[in-house]
Amino acid sequence: MKIGLYFGSFNPIHIGHLIIANHILNVTDLQRVWFVVSPQNPFKQSSTLLNEYDRLHLVQKAVDPDERLLASNIEFSLPKPSYTVQTLSYLADKYPSYEFSIIMGSDSFQNLPKWKNAEVIIANYPILVYRRPGFEVDNSIGARARFMDAPLLEISATHIRDLIQQGKSIRYLVPEIVEKEIAGNRFFKKPQSK
């Protein structure tokens with residue numbers, strides 16, 4: 001089984017994430033894409049993050065019923081913050097017959113040398129890199145990388161959270177079921193001051 005690992009905070013998951021996953025499945029020999037929800041990214045402040053179980057729930061809602069896509073909580077039981085190299089080692093032990101590739105944008109690829117034990121990732125895993133405007137692709141690190149153009153939308157989770165806090169619509173930016181879950185649970189709303 002060939003699996004693409006799409007790591008992220010998914011705070012929240014949006015249409016752009018799903019379009020990229022679908023595109024990569026269409027243009028590669030991957031059979032599945034796992035959305036690996038990171039409880040705590042070492043490069044992001046955890047204070048801005050929705051609870052990891054709520055983020056996982058939104059990803060599950062977004063990918064259901066597409067059997068090619070999976071919401072993964074694999075990092076929930078691993079030490080925090082979440083280091084990709086540790087997750088990859090755990091997955092290799094747990095699923096020895098699977099072939100894992102990493103999916104990332106060219107912005108993340110530029111930062112890869114700063115990741116913990118980046119040389120292990122670069123030496124052992126194929127990396128599928130989708131180009132993002134403003135982040136030029138340079139493979140001077142010698143990764144087994146495949147660079148591709150993917151349909152990109154100017155959508156960010158930060159923008160979605162800002163719209164929610166302003167009481168504005170996020171329709172069409174996230175799957176309809178995710179929009180309903182966010183509204184019904186009042187996710188990303190600022191706490192009411194007394």
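Helices here are DSSP runs of H or I with at least four residues, numbered from the N terminus. The views below all come from a predicted model.

View 1. Start with helix 7, which spans residues 176-185 and holds both Lys180 and Glu176. The two sit 4 residues apart, or about one turn of the helix. Their closest N and O atoms are 3.5 Å apart, and the pair forms a salt bridge. Lys180 is exposed, and Glu176 is too. The structure has 6 salt bridges in total.

**View 2. Arg132 meets Asp107 in a salt bridge.** Here the N to O distance between the side chains is 3.0 Å. How accessible are the two ends? Arg132 has a relative accessible area of 34%, so it is partly exposed. Asp107 comes in at 18%, and because buried means under 20%, it counts as buried.

**View 3. Arg131 pairs with Asp149 in a salt bridge.** Move to Arg131 and you find its closest N to O approach with Asp149 at 3.4 Å. Again the link joins distant parts of the chain, 18 residues apart: Arg131 is in the loop between strand 5 and strand 6, and Asp149 is in the loop between strand 6 and helix 6. Arg131 has 34% relative accessibility, which makes it partly exposed. Asp149 has a relative accessible area of 56%, so it is exposed.

**View 4. Ser106, a buried residue in helix 4.** With a relative accessible area of 1%, Ser106 is well under the 20% cut-off and so counts as buried. Its side chain reaches the backbone oxygen of Phe135 at 3.0 Å. Setting aside neighbours within four places in sequence, Ser106 is in contact with Val129, Tyr130, Arg131, Arg132, Phe135 and Val137.

**View 5. Arg161, buried without a salt bridge.** This arginine is found in helix 6 (residues 157-165). Which side chain of opposite charge is nearest to Arg161? That would be Asp162, at 6.1 Å. A salt bridge needs the nitrogen within 4 Å of a carboxyl oxygen. Leaving out residues up to four places away in sequence, Arg161 touches Asn11, Pro12, Thr48 and Phe188.

Key:
Residues are numbered from 1 along each chain as its sequence is written. This is a predicted model: local features need pLDDT of at least 70, side-chain atom pairs count only at pLDDT 80 or more; totals for chains, interfaces and linings use all residues. Side-chain values use heavy atoms; hydrogens and water are left out. Buried means under 20% relative accessible area, exposed over 50%, partly exposed in between (1.4 Å probe, protein chains only). Lys and Arg count as positive and Asp and Glu as negative; His and the chain ends are not counted. Contact means heavy atoms within 4.5 Å. A polar contact is a pair of N or O atoms within 3.5 Å; within protein, one must be able to donate a hydrogen and the other to accept it, and residues adjacent in sequence count only if both atoms are side-chain atoms.
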